[in-house]
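The following note sets out points for a colleague who is reviewing the structure. They proceed from the overall architecture to individual side-chain pairs.

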Amino acid sequence: MRLKLEFSGGLELLFGGKKEIDADVPLPTPTVAHLLVWMRDNLVMERPELFMKGESVRPGVLVLINESDWELCGTLEAELNDGDHVVFISTLHGG
């Protein structure tokens, strides 16, 4: 499944400084839960604990699926489709 992944708010630093990744993701079940595990295991280059806590994203990380808040789509159980655009935005910044 081809997905466009986008990172901002500092999260791009965990993904090798890349703000966007066009990924071919082999998901057994096309849900956000499976995407997060795949991303942690295949894309996160450092400090995965800053991206995920348990099986979900850390508190303070917003997730948008095709410009809609993932909480409106079913959070971890939200189904993904080929060509979807998934955005991860950290709201946690140093001060």
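1. Read from the N terminus, the elements of the chain follow the order β-β-α-β-β-β-β-α-β. The model is a predicted one, and the remarks below should be read accordingly.

2. The radius of gyration of the chain is 12 Å, close to the 12 Å given by the globule rule for 95 residues, so the chain is as compact as a globular protein of that length. Along the principal axes, the C-alpha atoms occupy a box of roughly 35 × 25 × 25 Å.

3. Of the 95 residues in the chain, 36% are buried. Among contacts with a separation of 6 or more, 56% join residues 24 or more positions apart.

4. An open sheet is formed by five strands, arranged as β2-β1-β7-β5-β6, with mixed pairing. The edges are taken by β2 (20-24) and β6 (68-69); each has a single partner strand, so one side of each is left without a neighbour in the sheet. In general, the strands of a sheet pair through backbone hydrogen bonds, in a parallel or an antiparallel manner.

5. What is the sense of the pairing between β1 and β2? Strand β1, residues 2-8, pairs with β2 in the antiparallel sense, over five bridges. Within this pairing, Glu6 stands opposite Glu20 of β2.

6. How many salt bridges does the count give? The count comes to four. One of them links Glu12 and Lys19, whose closest N and O atoms are 3.7 Å apart, against a cut-off of 4 Å. Glu12 has a relative accessible area of 12% and is therefore buried, since the limit for that class is under 20%.

7. A further salt bridge joins Arg40 to Asp41, with the closest N and O atoms 3.1 Å apart. Arg40 counts as partly exposed because its relative accessibility is 27%. Asp41, at a relative accessible area of 52%, is exposed; the threshold for that class is over 50%.

8. Glu49 and Arg47 also form a salt bridge, and their closest N and O atoms lie 3.0 Å apart. Glu49 has a relative accessibility of 40% and so counts as partly exposed. Arg47 is likewise partly exposed, its relative accessible area being 45%.

How values were computed
Residues numbered from 1 in each chain as written. Predicted model: local features only at pLDDT ≥ 70, side-chain atom pairs only at ≥ 80, totals over all residues. Heavy atoms only, no water. Salt bridge = Lys/Arg side-chain N within 4 Å of Asp/Glu carboxyl O. Buried < 20%, exposed > 50% of the residue type's maximum accessible area, 1.4 Å probe, protein only. Pairing = 2+ DSSP bridges. Helix = DSSP H or I, 4+ residues; strand = E, 2+ residues; numbered from the N terminus. Rg over C-alpha atoms; globule rule 2.2 N^0.38 Å. Contact = heavy atoms within 4.5 Å.
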